[in-house]
Amino acid sequence: MTAQVVTISSGKGGVGKTTAVANLAVALAMEGDKVVCIDGDIGLRNLDVVMGLENRIVYDIVDVIEGRCKLRQAMIRDKHLPELYLIPAAQTRDKNAVSPSDMKRICDELRLSADFILIDSPAGIERGFRNAIAPADRVLVITNPEVSAVRDADRVIGILEAEEKHSPALVINRLNPDLVKQHDMLSAEDVLDLLGIQLIGIVPEDEAVIVGSNRGTPVSQDPKSRAGQAFRNIARRLKGQEVPFIEFGNRQSGLWDRIQKMTGRR
Amino acid sequence: MNDLHSLVQIKGLRDGLLVSLTDAPWEELQAALLLQMDQQPSFFQGARLALDVGAQILHVNEMVELRDQLSERNVVLWAVVSESPTTEQTAQLLGLATRISKPRPEETHFNSGDQNNETALFINKTLRSGTRVEFPGHVVVLGDVNPGAEIVAEGNIIIWGKLRGAVHAGSKGDGNSKVCALDFAPMQLKVSEEAVNIKKEKQILGPVVAFIRNERVVVESWKFS
């Protein structure tokens, strides 16, 4: 098998990159795929916390790069899902400890033995971001329905296009249908209208996500959570399946059809 | 093989190094530059590097590769200066500067040449936040201009799409310049030296043209005639 390398990026911090990586990884592993997550945020790691694997870290990605351990030794197996692994970031170093070609080398080594490699990009558009996108086959740009997050997403998409990476796909995170209805939040259509890239998923605002992140059990394991459902749908779309978009609340029908049309999905 | 030092010239600038390349094949130049760096790593460590590539035409993948190679040697590429508009555009797309503090004589010549306003730059995509396009002629965009993007043209600016960013037509003082867009809600608009305050509530729907009349910028709905 040859893994697909997917980088999750956003530009702005705090929009949910790490949460999305953890949830997509869990959702893919639940479907039976072998998934390796790489925390690209050297110096400010937290994918391990969200996945609940903090206390199992012995070696990290910088140890692999600097030859202190084998790649296998830095791969931490998940508590529940045997096909899910995490390669943690180093906490005591900075982004310059890793280069784009190091990331490419590690991913190429992993490609043969996994189905998906998910990379959590740090915020910003500097070295750490360059490292995270260097090996990517696909980039998911995640944004919140807020003007500042959308602006940063636009910048990131511009950079990805300039580097001639495969066209990125968009995840709109933390959409609150009630606020949209009151015209107090950008709607998914507003965001798509500006960014004009393919939409791969909309995740509704859901308190269970925060609870799950704090407990180290990503919400996509919870069959009742709406956000969990949204992440599971994105995971299936990543695998190339056609999954209809969820309707949130009692919004007027036809909206999702229009969104799907705008993004080329029918 | 050519002597390394005749292929690549390195000078110190106030704020970094300026590397001037000849017009030898790109692979040779890149190899020569990287070899020189590997021979004197201490000299290049942590340097800010500007690259003068002359008339070389460079595409995105070549420039990205060089930038990554340099960054692995702990050297930051911050500017690419070129006589070729294609190369300049590539550099701008990657967010690199295309002017260094001391303008080169050829460059001013390029700007003051009589090709002024006779040529147009055609951009076949959406300009996203953080992109800045500067051109000594007209600019035509087939796509949107998003918030945070900027166009400065000495001639007209025509946008076949939505205008949401900042545009400046007639940047060298040509008061006959116009800005046209299919959908008009710019963050900033300037024609020659006149700026307009865009009021959100007074948006005009449909295609729009902005130009100077009686020393003021007026924004009108596009009339077919």
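Biologist: What covers the buried residues of α4 of chain B?

Modeller: The cover includes α2 (26–39), β4 (76–81) and α5 (85–93) of chain B. Here helices (H or I, at least four residues) and strands (E, at least two) are DSSP runs, numbered from the N terminus. This is a predicted model, in which local features need pLDDT of at least 70, side-chain atom pairs count only at pLDDT 80 or more, and totals for chains, interfaces and linings use all residues. Residues are numbered from 1 along each chain as its sequence is written, while chains are lettered from A and ligands numbered from 1 in the order in which they are written.

Biologist: Which residues of α4(B) are called buried, and what makes a residue buried or exposed?

Modeller: A residue is buried if 20 or more other C-beta atoms lie within 10 Å of its own, exposed if 12 or fewer, and partly exposed in between, with C-beta atoms placed from the backbone. B:Met63, B:Leu66 and B:Arg67 are buried. They cover an arc of only 100° around the axis, so they sit on the same side of α4(B); the arc is that of the directions from the helix axis to the C-beta atoms. B:Asn61 and B:Glu65, on the other side, are exposed.

Biologist: How do you know that the span of helix α4 of chain B agrees with what it should be?

Modeller: The expected span is 1.5 Å times one less than the number of residues. For the 13 residues of α4 (residues 60–72) that gives 18 Å, and the end C-alpha atoms are 18 Å apart, so the two agree.

Biologist: What follows α4(B)?

Modeller: B:Asn74 does, with a positive phi, near 65°.

How values were computed:
Two residues are in contact if their C-beta atoms, placed from the backbone, lie within 7 Å.
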